[in-house]
Amino acid sequence: PTPGQRQSTRKFTMALIHCNFSSQSLGMASAMDVILPEGGAARPHPCLYLLHGLSDDHTIWQRRTAIERHVQGLDLAVVMPNVHRSFYADMASGYAYWTFVSDELPQIVQSLFHISARRSDTFVAGLSMGGYGAFKLALRNPSRFAAAASLSGALDLAARSAETIEDNGLQGDFSLVFGRGVDITGTPGDLLACAAALAASEDPLPALYQWCGTEDFLYEDNLRFRDHARELGLPLTYEESAGDHQWQYWDRQIQRVLEWLPLAPA
């Protein structure tokens with residue numbers, strides 16, 4: 001649908017909810033922010049899980065973009081969880097953030113809010129580390145997610161974990177998440193391996209959207225994932241434009257993601 005077509009179906013106003021809750025998989029309190037359509041909906045709302053990057057938290061999409069205004073009127077809940085610097089993984093030395101975000105979080109969200117559990121109503125998107133997390137969720141749980149979007153995603157972590165990364169200040173993070181000196185090639189943390197496994201399976205294929213700026217330090221990673229996904233025949237929409245690793249581009253591109261999502265009319 002075009003933005004104009006979407007406009008004709010809009011009727012919802014939005015509530016912003018700051019939610020603190022207890023996580024059993026993490027063994028501690030956690031937090032998420034939720035943008036929720038107001039009013040008496042006849043059916044549970046479709047849901048977009050919107051993921052943050054390495055140096056941020058669950059509040060960042062509201063602080064650096066106009067996400068609440070961008071979804072104004074859409075029949076779409078937006079769930080923004082906090083996973084710290086975990087790379088959306090069950091950490092080698094840390095907490096079980098993959099278990100949290102892939103299994104526990106959807107159950108908590110659906111128990112607290114009028115959110116659909118249907119695959120056709122469930123989407124995920126993120127930036128940088130969150131773009132990695134979004135594709136990781138969709139590729140490893142294709143029966144749960146109809147679509148996933150990555151903006152400036154860290155999409156080839158295997159290449160980065162296998163090379164010298166001290167200069168990027170990530171050695172400590174990679175050691176905590178994956179283990180010191182571990183090469184994650186071919187493991188569940190390797191998105192290229194996840195994509196190949198999904199393509200070889202009989203599972204449904206989620207629609208994928210990928211954008212990266214041509215001046216971004218993760219641009220080459222994005223090209224490698226794009227070419228790999230195309231070779232596998234995955235349903236990937238790839239776009240690029242001038243830009244680097246900055247919020248001004250992500251605020252623009254999240255609007256493109258919202259246009260791209262397969263939302264049914266409200």
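Visitor: Is Asp-121 buried or exposed?

Guide: The classes come from relative accessible area: buried is under 20%, exposed is over 50%, and partly exposed lies in between, with a 1.4 Å probe and protein chains only. Asp-121 has a relative accessible area of 7%, so Asp-121 is buried. Before going on, note that this is a predicted model, in which local features need pLDDT of at least 70 and side-chain atom pairs count only at pLDDT 80 or more, while totals for chains, interfaces and linings use all residues. Residues are numbered from 1 along each chain as its sequence is written, and side-chain values use heavy atoms, with hydrogens and water left out.

Visitor: Which residue forms a salt bridge with Asp-121?

Guide: Side chains of opposite charge can pair when their charged atoms come close. The criterion for a salt bridge is a side-chain nitrogen of Lys or Arg within 4 Å of a carboxyl oxygen of Asp or Glu. Here the partner of Asp-121 is Arg-43, with 3.7 Å between the closest N and O atoms. The pair links distant parts of the chain, 78 residues apart: Asp-121 is in the loop between helix H4 (97-112) and strand E5 (122-127), and Arg-43 is in the loop between strand E2 (28-37) and strand E3 (47-51). Helices (H or I, at least four residues) and strands (E, at least two) are DSSP runs, numbered from the N terminus. Arg-43 has 27% relative accessibility and therefore counts as partly exposed.

Visitor: How many salt bridges does the structure hold, and which residues are linked in a network?

Guide: There are nine salt bridges in the structure. A network of them links Asp-156, Arg-160, Asp-221 and Arg-224. One of its pairs is Asp-221 with Arg-160, at 2.8 Å from N to O. Asp-221 lies in helix H9 (residues 219-232) and Arg-160 in helix H6 (residues 157-162), so this bridge ties together parts that are 61 residues apart in sequence. Both Asp-221 and Arg-160 are buried, Asp-221 with a relative accessible area of 2%.

Visitor: Where does Arg-224 lie relative to Asp-221?

Guide: The two are three residues apart in helix H9, so about one helical turn separates them. Arg-224 counts as partly exposed, because its relative accessibility is 35%.

Visitor: How do H8 and H9 pack?

Guide: Axes are lines fitted to C-alpha atoms, for helices over the stretch in contact, and angles run from 0 to 180 degrees between N-to-C directions. Angles under 35 degrees count as roughly parallel, over 145 as roughly antiparallel, 65 to 115 as roughly perpendicular and the rest as oblique. Helix H8 (residues 191-199) packs on H9 at about 10 degrees, with the axes 10 Å apart. H8 is therefore roughly parallel to H9. Leu-191, Leu-192, Ala-195, Ala-196 and Ala-199 of H8 make the contact (heavy atoms within 4.5 Å) with Phe-225, His-228 and Leu-232 of H9.

Visitor: What does His-228 touch?

Guide: Not counting residues up to four places away in sequence, His-228 touches Leu-192, Ala-195 and Ala-196. A polar atom of the His-228 side chain lies 2.8 Å from the backbone oxygen of Leu-192. His-228 is buried, its relative accessible area being 18%.

Visitor: At what angle do the axes of H4 and H5 cross?

Guide: The axes of H4 and helix H5 (residues 129-140) cross at roughly 60 degrees and come within 11 Å. The two helices are therefore oblique to each other. Trp-98, Val-101 and Ser-102 of H4 and Lys-136, Leu-137 and Arg-140 of H5 make this contact.

Visitor: Which residues are in contact with Gln-210?

Guide: Gln-210 sits in strand E7 (residues 207-213) and counts as buried at 0% relative accessibility. Leaving aside neighbours within four places in sequence, its contacts include Phe-135, Ser-150, Asn-222, Phe-225 and Tyr-238. The C-alpha atoms of Gln-210 and Asn-222 are separated by 8.1 Å, with the residues 12 apart along the chain.

Visitor: What is phi of His-84, and what is phi of Tyr-88?

Guide: Phi of His-84 is near 55 degrees, a positive value in a residue other than glycine. For Tyr-88, phi is likewise positive and near 55 degrees. His-84 is in the loop between strand E4 (77-81) and H4, and Tyr-88 is in the loop between E4 and H4. His-84 is partly exposed, with a relative accessible area of 43%, whereas Tyr-88 is buried at 0%.

How values were computed. A polar contact is a pair of N or O atoms within 3.5 Å; within protein, one must be able to donate a hydrogen and the other to accept it, and residues adjacent in sequence count only if both atoms are side-chain atoms.
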